[in-house]
Amino acid sequence: MITASIVTYNTRKEDLERVLLCALREPIGKLYVIDHSPEEGIAALLPADDRIEYERRPNRGYGAGHNAAIRKAMEAGARYHAVLNPDIYWEGEVIRPLAEYMDNHPDTGQLLPKVLYPDGRLQLTCKLIPTPWDLIASRFMPERLVRKRLRRFRLEDTGYREVMDVPYMHGCFMMLRTEALRDVGLFDERFFMYPEDIDLTRRIHEKWRTLFYPPLTIYHAHARESRRSLRMLGIHIRNMIKYFNKWGWLRDPKRRLYNRRLQQRLSDRHP
């Protein structure tokens with residue numbers, strides 16, 4: 001069985017209806033909608049479909065919301081679970097062919113399709129595991145001064161044209177094998193939001209393949225709230241401090257290993 005979850009927080013009606021339409025045309029056995037909104041209203045936007053299970057919960061963070069759904073999915077016997085942002089959408093089927101790929105590649109624990117902005121521009125969703133300097137450079141430094149470093153960090157020279165085994169992929173869409181989650185654990189709920197996708201992907205990457213899969217495409221209307229809101233920037237910084245406290249600031253041996261291994265594979269592929 002395939003399951004999926006969406007965590008909502010004052011989600012726009014048009015965004016929620018669009019992602020629900022995409023998800024419900026897929027072979028999903030259960031779609032969990034975890035609502036963190038301070039006010040009621042999301043439930044009224046949901047279509048009448050027996051596959052939807054709605055739950056309103058206190059907002060303890062993005063990862064915590066999806067964990068509530070993933071635990072239910074595991075109890076129901078799901079083989080794959082898709083973590084979906086409410087601001088994504090796609091044409092045709094995406095979840096079914098991703099599940100078929102994972103059926104044929106049992107060493108794959110996580111998949112991410114190509115992600116585009118609504119205007120068709122590529123989103124740079126695959127990255128090296130970040131150092132503190134990578135995040136400072138991407139957020140606070142003039143890009144012209146750190147362009148070479150950012151191109152390397154964002155894997156821009158790959159062109160995002162081929163399947164890649166990447167240790168950090170954006171969490172707007174995470175096609176997950178539940179066996180891998182049983183192996184490494186769920187989202188770390190110490191992170192309210194932002195680095196939970198870095199943390200989970202690198203833990204899965206340690207034992208499984210975590211693949212960027214460009215034959216399939218989704219669209220992401222990425223708001224980048226922490227670049228527009230001082231409050232969200234503060235949340236981002238606090239949670240990244242927790243992330244580096246967990247894995248290491250200057251010394252992170254696994255970061256060094258995974259990043260070097262990926263760069264070597266890419267160099268061998270395109271000498």
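Colleague: What makes the nonpolar surface patch in this predicted model?

Modeller: Trp133, Ile136, Phe140, Met141, Leu145, Ile237, Ile241, Trp249 and Leu250 make the patch, about 900 Å² in area. Patch residues need over 30% relative accessible area, and nonpolar side chains are joined within 5 Å.

Colleague: Which elements give two or more residues to the nonpolar patch?

Modeller: Helix H4 (132–140) and H8 do. H4 gives the most, with three residues.

Colleague: Where is the place of Met141?

Modeller: Met141 sits in the loop between H4 and helix H5 (143–153).

Colleague: Why is H7 called roughly parallel to H8?

Modeller: The axes of helix H7 (residues 196–205) and helix H8 (residues 230–247) cross at roughly 25°. Angles under 35 degrees count as roughly parallel, so H7 is roughly parallel to H8.

Colleague: What makes the contact?

Modeller: H7 brings Ile198, Asp199, Arg202 and Arg203. H8 brings Met240, Tyr243, Lys246 and Trp247.

Colleague: How many residues of each class does the contact of H7 with H8 have?

Modeller: Four are nonpolar, four are charged and none is polar. Tyr counts as nonpolar, so Tyr243 of H8 falls in that class.

Conventions: Residues numbered from 1 in each chain as written. Predicted model: local features only at pLDDT ≥ 70, side-chain atom pairs only at ≥ 80, totals over all residues. Heavy atoms only, no water. Axes fitted to C-alpha atoms, helices over the stretch in contact; angles between N-to-C directions. Helix = DSSP H or I, 4+ residues; strand = E, 2+ residues; numbered from the N terminus. Parallel < 35°, antiparallel > 145°, perpendicular 65-115°, else oblique. Contact = heavy atoms within 4.5 Å. Patch = residues over 30% accessible without salt bridge, like charges linked within 9 Å, V, L, I, M, F, W, Y side chains within 5 Å. Areas by Shrake-Rupley, 256 points an atom, 1.4 Å probe, with all protein chains shown as cover. Salt bridge = Lys/Arg side-chain N within 4 Å of Asp/Glu carboxyl O.
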